[in-house]
Amino acid sequence: MSKTVLKCEHLRVVFGGLAPVSDFSIEVKENEIAGLIGPNGAGKTTVFNLLTGVYVPTKGKVILDGKDLEGYSTIQRSHAGIARTFQNIRLFKNVSVLDNVLIGYNHSMKYSMISSILRLPKYWREEKAAKAKALELLSVFDMQGMAKIKAGNLPYGAQRRLEIVRALATNPKLLLLDEPAAGMNPAETTALMETIRKIRDEFNIAILLIEHDMSLVMGICEEITVLNFGEVIARGTPSDIQNNPTVIEAYLGTKREE
Amino acid sequence: MKKKFTIPTSASYAINTIVLLAIWGVITLMISSGVITNYWRGILITIGINIILATSLNLSCGYLGQLPLGHAGFMAVGAYAGAIFMKATPAAALIRSGNTLPVIPLFIIAVIISAVVAGIFGILIGIPALRLKGDYLAIITLGFGEIIRVVLTNIDSVLGFKFTYGAAGLARIPKFTSFNICYFMVILCIFIIHTFMKSRHGRAVLSIRENEIAAESVGINTTFYKTSAFVLSAMLAGVAGCLYAGYIGSLYPSTFKFMKSIEILVMVVLGGMGSMFGSVLAAIVLTALPELLRAFSDYRMVVYSLALVLMMIFRPEGLMGDYDFSLKRIIQKIVNGINKRRNGNE
């Protein structure tokens, strides 16, 4: 039995009189791909922002690998093992692809400012090791040939992939993907599905993804959580969700009674 | 296919050292043979000081992506700190007697004092100021620069101990800044900025400029790195101030007006934000040009502003953009080009 990586209990956040997320609970296990879907404005991205510490929950708990993350900042949560990508790509555009990945490795490198300015052996050793690791990680996603290109000049699909690579460089336990297939054509989406499966198999991490592309969600997620108006309205396997009347109602509305 | 020619890192360090020493040798020779007059030697020192100022501002402006307008303030702090220390030592007498060798350790201590004092001010200003962004940061640092100047103008003694001599200025500072000292300090400062930027710390600084939210999401401690870059920039400005004090011999608060900060900023913008080579080039051009155009000195500010306006129209990213000069890369390119041609002929 695989262990639980992420556990959320009754998360709630209130902005003034509005509660974008009123009651959200989820459990994601190691090596699991979980999906989070819901109509526009259901509060999906807000959930991600709560998990990564951008917003502070009014109520509820986020537990990562048995550790309560209450009071952790975004930076501390990244160090604890939560990595994310963004709905609208946020790469370091004027920096090379390799450096983008190396920035992800920043926390795992330990040499001090003094040793970087004096170019002490520690600097050379760690830089060399990190560079090799970064190139290896890039090669898993067939991007080693692009290492020297500026990230902003990459084609769209590669930018999406690079964001995932950068997130993986932080050595996470949980990877949050916010609409990874947004703006992709069907062929690119299929390739992305393969990529996501590969990440799960090779890195042994839990993945939680938000997606509107149902072919992707139904294709790779093992468990899907449906959110509407900040509340979980259904949870289950893809086939359960497809036939769930509450979900259909949330997406399509009900028949008017005559 | 033949493997491409690359220079190993250690060799490129050696090449750079040799080239820099050669340049130094040539200039020293020119000075001693009188090709470079005393007047131009002074300009060379000013150029050196301006290079340190421009590259250090480039660190917080081009690399960190903030807009501080109080660089002259840090320079003033460093200048006064270094000058007060040097006045307290027997450096003046040593220089007068022509015995310059013992001055060097004193000078090193003075530079360290300048850097540390400017760095402390950098921390004091940086921590609150860097919570702000863009225009607000510009205004708060501008305010800091003015506060420093006004304080220096109005305070002449602390507890009855003659200190900065207020508006009358701090005079009779031993003139310890020679061309050699200036040249090697410029190299040292550029080396520090370069090695800082080409490390995990430098990459973290760049990531903040590129996208602060994403930087936080990959675990970059943004507050720490912003402050570090800002403080390093302030420390190097302090070093430049110390060199300035030792070159000019007397300090007046009115030197460190707001326009001085702007002058440095102009160098950075003209050279290209984020390009060290650009900053160096712009510092050289903008210091030497007014001297060459002495006859038209009335129009100096007109040319200045005209140059900036034209730049903004035709090359908004600055002379060099974010291109950086690398001797290693150029040599590699040339050698690879020759190899290619030779292979093509076979």
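These entries record what I looked up in a predicted model of chains A and B.

**Conventions.** I number residues from 1 along each chain as its sequence is written, and chains are lettered from A in the order in which they are written. Because the model is predicted, I kept local features only at pLDDT of at least 70 and side-chain atom pairs at pLDDT 80 or more, while totals for chains, interfaces and linings use all residues; side-chain values use heavy atoms, with hydrogens and water left out.

Entry 1: I took buried as under 20% relative accessible area, exposed as over 50% and partly exposed as in between (1.4 Å probe, protein chains only). This core holds 94 residues, of which L251(B) and F256(B) touch the most other members. Helix α10 of chain B (residues 222–248) gives the most to it, 13 residues; helices are DSSP runs of H or I of at least four residues, strands runs of E of at least two, numbered from the N terminus. Leaving out residues up to four places away in sequence, I found L251(B) touching, among others, A79(B), Y80(B), I173(B) and F256(B), where contact means heavy atoms within 4.5 Å. Apart from this core lies another of 50 residues, including A83(A) and L216(A).

**Entry 2: chain B against chain A.** I found 32 residues of chain B in contact with 32 residues of chain A. The two chains bury about 2700 Å² between them, 59% of it on carbon and sulfur atoms; buried area is the accessible area (1.4 Å probe) that two parts lose on being put together, summed over both. In chain B, R200(B), R203(B) and V218(B) lose the most area to chain A, together 27% of what that side buries.

I counted one salt bridge between the chains, a side-chain nitrogen of Lys or Arg within 4 Å of a carboxyl oxygen of Asp or Glu. In a salt bridge, R203(B) meets E127(A) through their side chains at 3.0 Å, N to O.

**Entry 3: T287(B).** I located T287(B) in helix α12 of chain B, residues 276–292. T287(B) is buried, its relative accessible area being 10%. Its neighbours beyond four places in sequence are T46(B), I47(B), N50(B) and M267(B), all in contact with T287(B).

Notes:
A nonpolar core is a set of buried Ala, Val, Leu, Ile, Met, Phe, Trp, Tyr and Cys residues joined through side-chain atoms within 4.5 Å.
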